[in-house]
Amino acid sequence: MDRRSMRRRVFDLLERDVPGDRPADVLHFALIAVILVSIVVAVLGTVASLGLRDGWAFAVIEHACLAVFVAEYAVRLWVAPEHPLRRGMPAWQARLAYAVTPFAIIDLLAIMPLAGSLFAGYELHGLLVLRLLRFLKLARYSSGFNALFLAIKRERYALFSCLLILVSGVLTAATLMYLVERDVQPEQFGSIPAAMWWAITTLTTVGYGDVVPVTTLGRVIGGITMVTGLVMLALPIAIIASSFSEVIAQHNFVVTFSMVSRLAPFTDLDAKALGALLPVLHSRSFDRGHMVVRRGEKTGHLYVVLEGYVEVEHPDGVERLGPGGVFGVASGAALEHMVVRAATKAKVLVIEENELHALMAKHPVVVARLSGMVFPKAGEG
């Protein structure tokens with residue numbers, strides 16, 4: 001095996017994108033186990049009665065976990081040129097591009113305690129905060145974290161509007177309380193910035209009780225602020241919950257650039273096209289025998305088989321499609337006489353009709369390639 005093939009294989013192991021790759025599965029869960037052990041040891045090390053920090057076992061486990069994280073970070077830097085979005089870059093540029101990604105920064109912060117202890121003379125338990133940042137490494141392996149991130153990203157404009165509303169509520173409540181209570185409680189409400197502490201704790205319904213209005217009008221304002229706070233907090237919570245639910249329903253599993261780039265319809269696509277394609281791919285999982293498309297269903301979607309096999313029934317016969325197989329709509333024609341069921345346990349990527357039109361406008365080459373591979377062809381059946 002040459003150097004390039006070895007690097008590609010290591011990349012596959014770390015990314016766990018090849019279906020049925022047992023070594024990748026083992027490595028995946030082993031890294032999760034190391035992260036969890038490291039977190040548990042770091043937390044228990046703060047319990048003085050256990051006396052773990054001064055024991056040799058604590059130091060051995062801590063250094064072993066950190067050694068794993070250092071090795072992982074170095075290896076991920078080495079295989080960075082194999083990422084589909086960075087394959088056209090020089091190796092040094094691809095590694096630099098990876099080093100500034102959020103996951104790479106988290107990985108670097110996770111190994112900083114080792115650098116601090118070895119080179120700067122800091123004690124390991126003095127860098128507790130950085131050690132606990134390892135918990136964020138789990139985001140790489142958790143579909144829940146990815147779903148939450150995607151939900152927040154999708155609703156970022158609505159959430160920003162909620163933030164503006166909350167800020168305006170804080171300023172309004174603080175200003176009113178400043179006008180009413182400043183003469184009675186100059187230390188607590190002597191300025192609008194000072195009154196903002198009370199406004200924030202009241203609007204967020206925390207209510208520490210360290211600062212309270214004493215006048216009748218101040219209490220009326222306080223009551224209105226409390227009720228208003230309930231409404232203001234309910235807005236972003238409802239938005240995130242709704243978006244999170246939609247993302248979970250649309251994505252049964254996490255889709256990565258590496259997964260998509262392996263499929264025949266998407267090989268050799270440039271980074272820009274892949275970047276536009278990934279957000280519109282919704283993932284679905286089907287058990288053997290389950291219906292993917294029912295007869296008479298007016299689907300305007302496009303489907304790409306990621307893993308497993310599906311059987312496409314149409315008036316001219318039955319077609320079995322495996323990974324990379326494309327079926328559904330072509331040229332905007334809804335295939336009402338098509339039945340698709342999972343012949344095995346299958347994973348399917350779906351591009352919904354409205355997103356397909358948007359993709360066609362921005363990247364017609366991608367849609368043209370998909371339309372050329374779609375089965376059955378438009379007009380069949």
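This is a predicted model: local features need pLDDT of at least 70, side-chain atom pairs count only at pLDDT 80 or more; totals for chains, interfaces and linings use all residues.
Reader: What does the secondary structure of the protein come to?

Author: The protein has 15 helices and 9 strands. Buried residues make up 39% of its 381 residues. Of the contacts with a separation of 6 or more, 70% are between residues 24 or more positions apart.

Reader: Which residues of helix 8 and helix 10 meet?

Author: Helix 8 contributes residues including Leu166, Gly169, Val170, Leu171 and Tyr178, and these belong to a contact with residues of helix 10, among them Ile192, Trp198, Ile200 and Leu203. By class, the residues of this contact divide into 14 nonpolar, 2 polar and no charged.

Reader: Which residues make the contact of helix 2 with helix 3?

Author: Helix 2 provides Leu31, Val34, Ile35, Val37, Ser38 and Val41, while helix 3 provides Phe58, Ile61, Glu62, Cys65, Val68, Phe69 and Glu72. This contact has 10 nonpolar, 1 polar and 2 charged residues. Glu62 and Glu72 are in the contact, and Glu counts as charged.

Reader: How do you know that Thr225 is buried or exposed?

Author: Thr225 lies in helix 11. A residue is buried when its relative accessible area is under 20%. Thr225 has 6% relative accessibility, and therefore counts as buried. Leaving aside neighbours within four places in sequence, Thr225 is in contact with Ala173, Trp198, Thr202 and Leu203.

Reader: Why is Thr204 called partly exposed?

Author: Thr204 lies in the loop between helix 10 and helix 11 (216-250). Partly exposed describes values between the 20% limit for buried and the 50% limit for exposed. Thr204 is at 26%, so it counts as partly exposed. The C-alpha atoms of Thr204 and Gly229 are separated by 5.8 Å, although these residues are 25 residues apart along the chain.

Reader: What makes Thr205 partly exposed?

Author: Thr205 is also placed in the loop between helix 10 and helix 11. Its relative accessible area is 43%, so Thr205 is partly exposed: the value is not over the 50% needed for exposed. Thr205 has a positive phi of about 65°, although it is not a glycine.

Reader: Which residues touch the most other members of the largest nonpolar core?

Author: This core has 24 residues, and those touching the most other members are Val260, Phe266, Leu277, Leu349, Ile351 and Leu370. Elements that give two or more residues to the core include helix 12 (257-261), strand 8 (346-351) and helix 15 (364-373). Another core, of 16 residues, lies apart from it, and its members include Val10, Leu31, Ile35 and Phe69.

Note on methods. Residues are numbered from 1 along each chain as its sequence is written. Side-chain values use heavy atoms; hydrogens and water are left out. Contact means heavy atoms within 4.5 Å. Helices (H or I, at least four residues) and strands (E, at least two) are DSSP runs, numbered from the N terminus. A nonpolar core is a set of buried Ala, Val, Leu, Ile, Met, Phe, Trp, Tyr and Cys residues joined through side-chain atoms within 4.5 Å. Buried means under 20% relative accessible area, exposed over 50%, partly exposed in between (1.4 Å probe, protein chains only).
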